[in-house]
Amino acid sequence: AHELGGGGNGSTTAACAGLAAARFEQGHLAEAADLVDETIGSGRAERIPSLTLASIVRARLCRAEGHFDAALAAIESARSRVGRPGSAMTFGDRLDQAEIAVRRVLGDLTRASQLADGMQPGRLGQLMRGWVDLAAGRLTLATSIAASLRESASTPRQELDALLLTARIAAERDDAGLDDLAIRVLDTAESMGSVFPLAEAGAPVLSAVVRASRSRPRSTVIESLLTTRPLPRPLDQARPEYRVEELSSRELIVLQFMATSLSNQEIARELYLSVNTVKTHVKHVLRKLRATSRAEAVERAQALHYL
């Protein structure tokens, strides 16, 4: 994306869109949002591929913030530019993928299933069918699809997609193999520098990978993972009694450790902080979550999807 930046307006637009997608995957959501605004604000309607990619990233950003209507609006706006003729098929499938992700969390499985059925034959359509089957409780079908995708994976991204689906199925089944899968997910994600797809796979998968990461040396990916929250649910599923002050990135990291049996001294060693600093962060977490104990803080953090 950086190399594209020097080739004129079209190349700059393509670079912004590509970099927005990369930064989103890495978990740098604020930077991704700025790059999306720059791409879409260029007004170069002939740059349909770049604008479509930027719209997909915008939809994922809106989804990450719980703005489901805005996510669907971004997708629909892109569809009006792309349509479905000829070479635009690939863009149509990517837009379908983005919409399916939103429809699944909204519980609109009829529309999600229609979109999955209408996608072009291939891995992406198969992957989306697996996620729809999982959301509909058809775990046997989803498991078969995940196994096929894992067996035929030929790139790290294909492997990560298949592993995330497999891990989410294991979480739904309360399978003891989830922890082993989380290690494989982490290995693949670290090799790619990819963070946010783990959050998009759901809270159980993200939590399992975060647990696996605690035994690893700190890396850029792991640092990002420790500050990545599971994605919000629709408002009608929220727990309004738990609305709280936002936790800082460091408090989020400490909160992850508060969910374990580690003492403040042990957390301090893990994070290379002083014990007093850890105590201060713990105190702030308890205050912001309106909790009087670690156990209560963890319960409320889970209800808020911090954990």
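Which residues lie nearest the centre of the largest pocket? They are Ala101, Arg104, Trp131, Glu200 and Ala201, among the 46 residues that line this pocket. Colleagues, a word first on the basis of these values. This is a predicted model, in which local features need pLDDT of at least 70 and side-chain atom pairs count only at pLDDT 80 or more, while totals for chains, interfaces and linings use all residues. Residues are numbered from 1 along each chain as its sequence is written, and side-chain values use heavy atoms, with hydrogens and water left out.

I begin with the pocket. A pocket here is an open set of points on a 1 Å grid over the protein atoms alone, where a 1.4 Å probe fits, with protein on both sides within 12 Å along at least five of seven lines; lining residues have an atom within 4 Å of a point. The volume of the largest pocket is about 1200 Å³, taken as the space filled by probe spheres set on points joined across faces, edges and corners. Elements giving two or more residues to its lining include helices H1 (9-26), H3 (48-64), H5 (89-106), H7 (123-135) and H8 (139-152); helices are DSSP runs (H or I, at least four residues) numbered from the N terminus. The lining comprises 27 nonpolar, seven polar and 12 charged residues. Ala, Val, Leu, Ile, Met, Phe, Trp, Tyr, Cys and Pro count as nonpolar, Asp, Glu, Lys and Arg as charged, and the others, Gly among them, as polar.

I turn now to helix packing. The axes of H7 and H8 come within 8 Å and cross at roughly 150 degrees; axes are lines fitted to C-alpha atoms over the stretch in contact, with angles from 0 to 180 degrees between N-to-C directions. H7 is therefore roughly antiparallel to H8, the term for angles over 145 degrees. Residues of H7 including Arg123, Gln126 and Leu127 meet residues of H8 including Leu139, Leu141 and Ala142, where contact means heavy atoms within 4.5 Å. By class, this contact holds seven nonpolar, four polar and three charged residues.

The second pair is H2 (residues 29-40) and H3, which pack at an angle of about 140 degrees with axes 9 Å apart. Among the residues that meet are Leu29, Ala32 and Val36 in H2, and Leu51, Ala54 and Leu61 in H3. Their contact has 10 nonpolar, three polar and two charged residues.

Finally, Ala171 is found in helix H9. Its C-alpha atom is separated by 7.0 Å from that of Val205, 34 residues apart along the chain. Beyond neighbours within four places in sequence, Ala171 is in contact with Leu178 and Pro204.

Note on methods
Parallel < 35°, antiparallel > 145°, perpendicular 65-115°, else oblique.
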